[in-house]
Amino acid sequence: MAMNLAKFITRLAFAGSLGLALVASSSPVSASAADANREALARLGGCISGGGEGDMLLLIDRSASLQRTDPENQRVEAAKYVVRQMSSVSKIYGWKMNVAIAGFDTHYQRKLDWQALGDQSLAEIESTIEGFRDANHGEDTDYWQAVDHARRDLAKRAGGEVERCPFVVWFTDGEFSIEPRQGGLDMSVASNRLPYDDRNDLSSPEKAAAGMAAGKRDLCRDGGVADQTRNQGIITLAVGLNGGGNPDFSLLKGIATGKGTTCGAITSPSPGAFFTADGIDGLYQAFDQIASPGQDPVVQESDTCASNAVCPAGTHRFVMDASIGSVHGLATTGAAGQKVVITGPNGKRVEFLPSSGKLQKTLSGANLTGDWLSDRSVSFDLKRSGDEGWVGEWGIAFVSPKSASGRAKSSLHLYGDLLPSATDAAQLTFRTGGESPAIKLGLARADGSPVDPATVTSDVVLGASIIQADQTVPLASQVSKSGLGVPIKADLTGLKPGSAVLRVTLDVTTTPWTSGGKTVPGTKLEAQARDYQIQLLPPGNYPVVQDRIDFGSTDKAGQVAAVLKLTGAGCAWLAEPTKVATSPEGIGDITIGSTAKSRESCSAGEVPLTLDVGQVGNGLVSGTITVESLPQDKSGEPVPATVAFGLDMQRPPDLPTLLWVLIAGTLLGVAVPVGLLYLLKYLTAVIPGDSVATASIRGQVTETISFVAAGVPLTAEDLSTSILNGASRRRVALAGGRTLLAKTGLAPTEPGYVVVEQPGLAAGGRTTASSVKGHARLPLAVQGNWCVALDQLNPSQGDVEITVFTAAGGAGLTDLLDDVRSNVGQFVAHLRKSLPDQSSPATSGSEWSTPASSVPAVDQWTTPIAGSSAWTGSAGSEGGNPAGASAVGPTAPAPDAGNDESW
């Protein structure tokens, strides 16, 4: 079901795409799907163009399947490309854009906090994206975690005086997937539990399938997580990478758009857009459009020219006039080894060959720069230096050295310094119940300065409308240059008091070009939309009711109070039953009440409200209430206003299973002091400090070579820091599919410790190594320790992964890296000695299967109860080297009683 990425680039732009015919491709898309995509992108583009700040959350898959679908990590280069282009375009139009980056697999992890996109932040943003090059070891592809946490992150940005334009750019290569866990999840760790199926330990394929079904159901039920995202005004742009496995992206499409797999009840206005990409060149085409707010590109597709010669059939043509200041292009050749030839209006040509590398040329009327992104994709920019040599017909030809092969595509963004405007819209007052004030349409520069229509040579057409929820009141359409500045009005009698949007659109066609008696029609650019946020006020003597109320967040059932503010003289009351749009599953009835509930109890200044929920859950409670108001003398008819509300809920973690065991044990006569001792052990078994910083590196370590023999190539700049607070002191999700889990230990006097859950047999500590059931074991104070893991698929000969743990800033990192260099060879050697004998008949059924009768059911890396070893340490030493212990190798394995976690 993958579609050609040439089609993708006709849609994934911020500003409104109001009329572009889709480019032909091998996988046609229905007109309704294309219209839905346009609608979502028009809303987003209009918001940014109208002065809102764009908040882009770049959400990147970290699942292990990427090792197969994107082995060269081209998604990293493509993502950096989109950030660079977005920064460039933001400069052109003076738009404000903010970027945050997160990864997801089994869990969601923020990798970069919000940064204002610009020259100062670009290096840090690109460095964070670079960190995803090795982030492809995640066990699951959990859509629920991705969507719910992305929603919460973006919702925190809402509010304030600046209009926010939130959206997610979501990249994944696979379907929603939850894998079974051998031995099951440790259900005593609250963060291990699935938020949507918290009693499921995933101990079998059937349980994993049930968990996945529960996640899909909670995502797509009416009022579920997808609807909660849409209700908060977040637009989802989802990109599915088809790496050859033909994944079923119908659920991804459903979450983004409501179509494909039916997902959610809020599908109007269109909640987002969905596209698939086939390979790296498709990704470049896709991400190129994300970086170009303001308009859709001019897209052309053709066969290529043969015999190293430019031909008409393989040339894409466009006309530029003096209104265009710069052009950004992305061209994809029909096959590797072909060249791109750019021809200016004066016939001068510049050739782009894959071997050219970065290009910088000065042409008559333009400066040209370019760079090859892959063996088929080239990016280039034209900047006007003068009208002569710039104005006229340009051509982009695709030329093969021998016979023609493949289809070539070009995507051009023509940036004109010309935007639609509604003169003095911010100073106008709009009231319901009659006509709007007089509105004058005009043209403006990117810096906001007005443009005299008489100086514009291009053909321009403007339109305007007022939009409130699903109601649209047209103001004008097909307004030409001669009609600009003429006052227009709208009938507002059908709208309610509250927020609305004044949307102004602009269509531009460049000036036709005549040469040698031949006239070439101008190039039609796609419509630009600009949204002005306006407030529709009630009649003059009525109070103004705020149109949204936030009940905050809670982790409890019961009542939450808030106050609805009124501005001006008069009073108001809660008039109708609550209309709930979204809610967590299973929380029971939701009602909003007030002491002001009738004309007689009408409240002045503010209306007290209480929201009552029966049970606590995970997700957003949202909907609308109706409030009616009267003037100060309470005369006249009540004026209704619709008020949106929201309450974010998060179910607190249940008490660990051991507490219930202790209660039962106490009832059966277990001594209370023992229970208190275990409770104290549990309360103190947390990772200390404010943060933990980690960094990982992979390479070859054998009996004769070590890739860190000359030093470990890590610096403090390579560290990724996770903040510790609350539940995160017991469980910390790290990059690369690793998780730190704090454990109490079974023995009453055994100190707590940390297990590093990650793929591959592992051990950890410092100078001495310890392991629990194949996972690295560290002291609770993990900072200042390290671990090493064998390759999951080739443990005996593959690369190993070293992970270091420090405090924020890398305190003590130099000494820690010296310890790694000195001891990693011994750690790896002993890990490999513990592997099953692959030549033994006992392993014939499975690479890792070993009958219980063939080896002791113990772990030679675990901490023994009695005795000591330089490799395991004593039970009370926290992995240290006890006095008198040998520094050679592990002693005979001891029973694993001290490492049976029951918490």
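Buried means under 20% relative accessible area, exposed means over 50%, and partly exposed lies in between (1.4 Å probe, protein chains only). The model is predicted, so local features need pLDDT of at least 70 and side-chain atom pairs count only at pLDDT 80 or more, whereas totals for chains, interfaces and linings use all residues. Residues are numbered from 1 along each chain as its sequence is written, and side-chain values use heavy atoms, with hydrogens and water left out.

**Exercise 1. Salt bridges around R133**

Task: Determine which residues form salt bridges with R133, and classify the accessibility of E130.

Solution. 

Step 1. A salt bridge requires a side-chain nitrogen of Lys or Arg within 4 Å of a carboxyl oxygen of Asp or Glu. Side chains of opposite charge can pair when their charged atoms come close.

Step 2. R133 meets E77 in a salt bridge with an N to O distance of 2.7 Å. This pair links distant parts of the chain, 56 residues apart: E77 belongs to helix α4 (residues 74-93), and R133 to the loop between α5 and α6 (143-155). Helices (H or I, at least four residues) and strands (E, at least two) are DSSP runs, numbered from the N terminus.

Step 3. E130 also forms a salt bridge with R133, and the closest N and O atoms are 2.5 Å apart.

Step 4. E130 has 29% relative accessibility and therefore counts as partly exposed. R133, at 22%, is partly exposed, and E77, at 26%, is partly exposed.

**Exercise 2. A salt bridge between strands**

Task: Explain why the pair of R503 and D531 ties together separate parts of the sequence.

Solution. 

Step 1. The structure holds 33 salt bridges. One of them joins R503 and D531, whose closest N and O atoms are 2.8 Å apart.

Step 2. R503 is in strand β23 (residues 498-509) and D531 is in strand β26 (residues 528-537), so the pair connects parts 28 residues apart in sequence.

Step 3. Both R503 and D531 are buried.

**Exercise 3. Aromatic pairs**

Task: Classify the ring geometry of W390 with W394 and of F551 with F645.

Solution. 

Step 1. Rings of Phe, Tyr and Trp (its six-membered ring) pair if their centres lie within 6.5 Å; planes under 30 degrees apart count as stacked, over 60 as edge-to-face and the rest as tilted. The structure holds nine aromatic pairs.

Step 2. The ring centres of W390 and W394 are 6.1 Å apart and their planes stand at 70°, so this pair is edge-to-face. Both W390 and W394 are buried.

Step 3. F551 and F645 form an edge-to-face pair, with 6.5 Å centre to centre and 85° between the planes. F551 in strand β28 (residues 548-554) and F645 in strand β36 (residues 639-649) are 94 residues apart.

Step 4. F551 counts as buried at 5% relative accessibility, and F645 counts as buried at 1%.
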